[in-house]
Amino acid sequence: MTEPTLQIEDVTKIYRVSAGAFKGKRALKAVNGVSLKVPKGSVLGLVGESGCGKTTVAKMVLGLEKMTGGEIYIAGKSMSSISPKDIARRIQPVFQDPYSSLNPRKSIARIISLPIRALGLAGSRTEWEAKVDEVMEVVGLPPRLKHNYPNQLSGGQRQRVAVARALIMRPEVVLCDEPTSALDVSVQAQILNLLLNLRRELNLTYVIITHDLAVVEHMATRVAVMYLGRIVEEADTAALFKRPRHPYTQALLASVLIPDPTLGLPETHLGVAYPNPIDPPAGCTFHPRCPRADQKCAAVAPHPVVESDRLVECHYPD
Ligand SMILES: Nc1ncnc2c1ncn2[C@@H]1O[C@H](COP(=O)(O)OP(=O)(O)OP(=O)(O)O)[C@@H](O)[C@H]1O
Ligand SMILES: [Mg+2]
């Protein structure tokens with residue numbers, strides 16, 4: 001069996017945060033023992049409410065944030081043994097909000113070529129300009145925009161620039177953190193379809209982080225649902241949408257019926273607010289919001305159970 005292109009093994013991230021005046025620093029477990037496998041050519045969707053730890057996972061995968069515990073493997077090699085340059089060659093990000101992530105004072109050609117120039121992979125100016133032309137064509141940007149600046153581009157064009165900047169490195173994995181949430185709905189679909197087409201053409205592997213379950217259903221081959229730093233359910237996309245088993249996944253899916261995607265976070269109808277990760281609830285951390293919770297849930301943290309290719313971390317999975 002070939003190694004997964006990306007494997008995350010029991011990864012934890014603890015931040016030390018100030019708990020208020022005179023209270024000193026306290027530990028915030030942003031990511032708490034997350035394991036995920038991303039085989040070549042697959043699309044993993046990582047979903048969950050704001051603050052559950054999605055971006056922290058992304059930062060550790062990109063080598064931008066140190067892990068407190070655990071290990072990440074890229075094609076079977078431990079990340080701690082791979083140079084930052086090689087990590088960047090293999091995994092490239094596409095971040096949220098093309099309005100703030102592109103330097104307004106640089107031309108589009110300079111922005112797109114930044115990763116290869118920064119890592120000394122650009123060659124001569126003629127060479128890197130040729131690479132820029134090529135990748136602009138791949139993402140459907142007209143060549144004339146090369147000498148323009150970000151404020152002269154539409155939101156969709158800017159996000160294509162962000163995709164081009166990732167692809168110029170010829171990465172194996174593209175990690176998208178809310179790639180379309182700042183865009184109009186009609187433009188969102190264009191960018192998502194572009195990403196899907198590129199996956200086929202360039203044999204890419206994706207990790208897509210989003211609040212938007214419709215995006216996940218459209219894009220992902222497998223879905224991991226995150227809650228307070230843990231993966232509470234993970235399954236193939238069709239199976240998860242057909243029969244969610246964790247009460248949290250069920251609540252998320254029920255709220256998808258809200259038709260207006262600009263509303264942002266799905267309304268979970270869970271009543272109780274999302275807990276403070278500095279003071280996570282005892283037992284199952286979801287129990288205060290769970291319709292199924294009993295005394296056991298309040299006292300004992302559930303272990304993940306794997307059944308027919310699905311992981312559920314719940315005492316009473318449906
Ligand atoms: N640099 C940091 N220092 C301290 N705490 C942090 C830091 N970065 C993130 N956190 C905390 O870690 C938790 C997870 O944050 P993270 O950004 O990973 O969430 P997220 O799932 O990406 O949320 P969103 O959907 O809003 O982007 C949050 O409680 C956040 O406040
Ligand atoms: Mg985030």
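## Shell around ligand 1

The shell around ligand 1 holds six nonpolar residues, seven polar residues and one charged residue. Here Ala, Val, Leu, Ile, Met, Phe, Trp, Tyr, Cys and Pro count as nonpolar, Asp, Glu, Lys and Arg as charged, and the others, Gly among them, as polar. This is a predicted model, in which local features need pLDDT of at least 70 and side-chain atom pairs count only at pLDDT 80 or more, while totals for chains, interfaces and linings use all residues. Residues are numbered from 1 along each chain as its sequence is written, and chains are lettered from A and ligands numbered from 1 in the order in which they are written.

In total, 14 residues surround ligand 1, with Y15, A30, S50, T55 and T56 the closest; a residue is near a molecule if its C-beta atom, placed from the backbone, lies within 6 Å of it. Two or more residues of this shell come from each of β1 (6–18), β2 (25–38) and α1 (54–61). The most are given by α1, with three residues.

## Chain overall

The chain has ten helices and twelve strands. Helices (H or I, at least four residues) and strands (E, at least two) are DSSP runs, numbered from the N terminus.

A compact globule of 318 residues would have a radius of gyration near 20 Å, and the chain agrees with this at 20 Å. The radius is taken over C-alpha atoms, and the globule rule is 2.2 Å times the number of residues to the power 0.38. Along the principal axes, the C-alpha atoms of the chain fill a box of roughly 70 × 50 × 45 Å.

## Helices α5 and α6

The axes of helix α5 (residues 155–167) and helix α6 (residues 185–202) come within 10 Å and cross at roughly 20°. Axes are lines fitted to C-alpha atoms, for helices over the stretch in contact, and angles run from 0 to 180 degrees between N-to-C directions. α5 is therefore roughly parallel to α6, a term for angles under 35 degrees.

On the α5 side the contact is made by G155, G156, Q159 and V163, and on the α6 side by V187, Q190, I191 and L194; contact requires C-beta atoms, placed from the backbone, within 7 Å. These residues divide into four nonpolar, four polar and no charged.

## Helices α3 and α5

Helix α3 (residues 108–118) packs with α5 at an angle of about 35°, the axes being 7 Å apart. From α3 the contact takes I108, I111, I112, L114 and P115, and from α5 it takes V161, A164 and R165. By class, the contact of α3 with α5 has seven nonpolar residues, no polar ones and one charged.

Terms used. Parallel < 35°, antiparallel > 145°, perpendicular 65-115°, else oblique. Contact = placed C-beta atoms within 7 Å.
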